[in-house]
Amino acid sequence: MDQQLLQRTRYQLQTRFRHIKTSEIGNFERMCQQVFEWLENHPILSSVLQHLDQVQGDHHEEIQLILNTDDNYGSRYYSLTVKKDRKKDYESEFKGYTAATLDQHASACLQVLRAAQKRPNLEFCCTLAIYLTREYYGIGKKKGMNDAFEDMRDKASHGLYEYLDEHLDGVNAVNGLMQKYKQSTEWFQREHLQQITEIGYEGKKGERALALHLQQYIFDQGVEFSVEPASVSGEADLVLLDPSGHHTIIDAKYIKSNFSRSDIVRKIAEGFNQVARYCNDHNQPEGFLAVFINDNINLNIELENNRGFNFLNVNNYVIYYIEINIAERPSASKSGKAKQITIAPADLFEQIKELQE
């Protein structure tokens, strides 16, 4: 994704969250609805929302309990969670705010906004504000109902926005590096990459040699990364680690010149399936599949495309696809017409299903 598209996406994210942060109680529900609809249809951020929905923590049950209570102004909720009053037999087992990680905090902020969207009134928002701030609000207090709504709105929207913005940076940075690698290798290193698949590279051959070459390129760009120990699904070719502790999964596949269409479909399906499993193991919402092709073919894979991203959604994990053709390209007068191969998502999912059985 180029910098102009990144800048525009960030501008859109800022603008939409500004609508929430400046909304009054009367139009808060509609502003949230508009922002969530945009996020849920965004090629990158939709997967981040899905990830936050799956983050484990007490906040899911806690906010659902708050939704189910009729505690006006949250006075009893404050007493139970902040003052630690003894609970009565008929009362719910509230825990208060317990998020211990940034993922849990962002997930809690998302759930708070969704809950407030369902019950957009000052009394209910007061309880949500107590959950996030551990402060007391009420008539005659230093902070009243309007303060509670504003604190809930500002803290929840800020926590979710910061997480989305940070994640947007990480995905786009990796996508930009992958596109530069594709351009560099296809323009200047086709012969070199063909040689290392046969002769070897740092003791590796074929697919592993290409993966190692990609690792070295990423390292040369100054990106901090590590290759994690094997997970339950095996060892991914490359796991990037950013300063915030988030991992980005990259796996490489190699399509040889003698591959049939069925071989190609199966190899690419294996790649998508493996990256999805690695994402599950590392608790990440998306990953990257780099496919090296050593053949004079044109692959037409009918993937989803939005704002410059090609991706396939596998088990609610978004897998971005980068194709790198390293085959020797004869001159236009001698090359003839490249073989066209079309692959539909149904072809890939059929193979993925077989692999998962």
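**View 1. The cysteines: a search of the whole structure turns up zero disulfides.** A disulfide here is a pair of cysteine sulfur atoms within 2.5 Å. In general terms, it is a covalent bond between the sulfur atoms of two cysteines. Take C126, which is in no disulfide: its nearest cysteine sulfur belongs to C125 and sits 8.9 Å away. Is C126 buried or exposed? C126 is buried, with a relative accessible area of 0%. C109 is buried too, at 0%. (Buried means under 20% relative accessible area, exposed means over 50%, and partly exposed is in between, using a 1.4 Å probe and protein chains only.)

A quick note on what you're looking at: this is a predicted model, where local features need pLDDT of at least 70 and side-chain atom pairs count only at pLDDT 80 or more, while totals for chains, interfaces and linings use all residues. Residues are numbered from 1 along each chain as its sequence is written, and side-chain values use heavy atoms, with hydrogens and water left out.

**View 2. D53 and R114 join up in a salt bridge.** The whole structure has 13 salt bridges, each one a side-chain nitrogen of Lys or Arg within 4 Å of a carboxyl oxygen of Asp or Glu. Side chains of opposite charge can pair when their charged atoms come close. For D53 and R114, the N to O distance is 2.5 Å. D53 belongs to helix α3 (residues 45–54) and R114 to helix α6 (residues 102–118), so this pair ties together parts 61 residues apart in sequence. Helices (H or I, at least four residues) and strands (E, at least two) are DSSP runs, numbered from the N terminus. D53 counts as partly exposed, at 33% relative accessibility.

**View 3. K253 meets E207 in a salt bridge between a strand and a helix.** Here the N to O distance is 3.7 Å. Which elements hold the two partners? K253 is in strand β3 (residues 247–255) and E207 is in helix α10 (residues 206–220), so the pair connects parts 46 residues apart in sequence. K253 counts as buried, at 5% relative accessibility.

**View 4. D347 and R261 form a salt bridge linking distant parts of the chain.** Their N to O distance is 3.0 Å. D347 lies in helix α13 (residues 345–356) and R261 in helix α11 (residues 261–282), 86 residues apart. Both partners are partly exposed: D347 has a relative accessible area of 23%, and R261 has 39%.

**View 5. R76, D85 and E91 make up one network.** Salt bridges that share partners are what join these residues.
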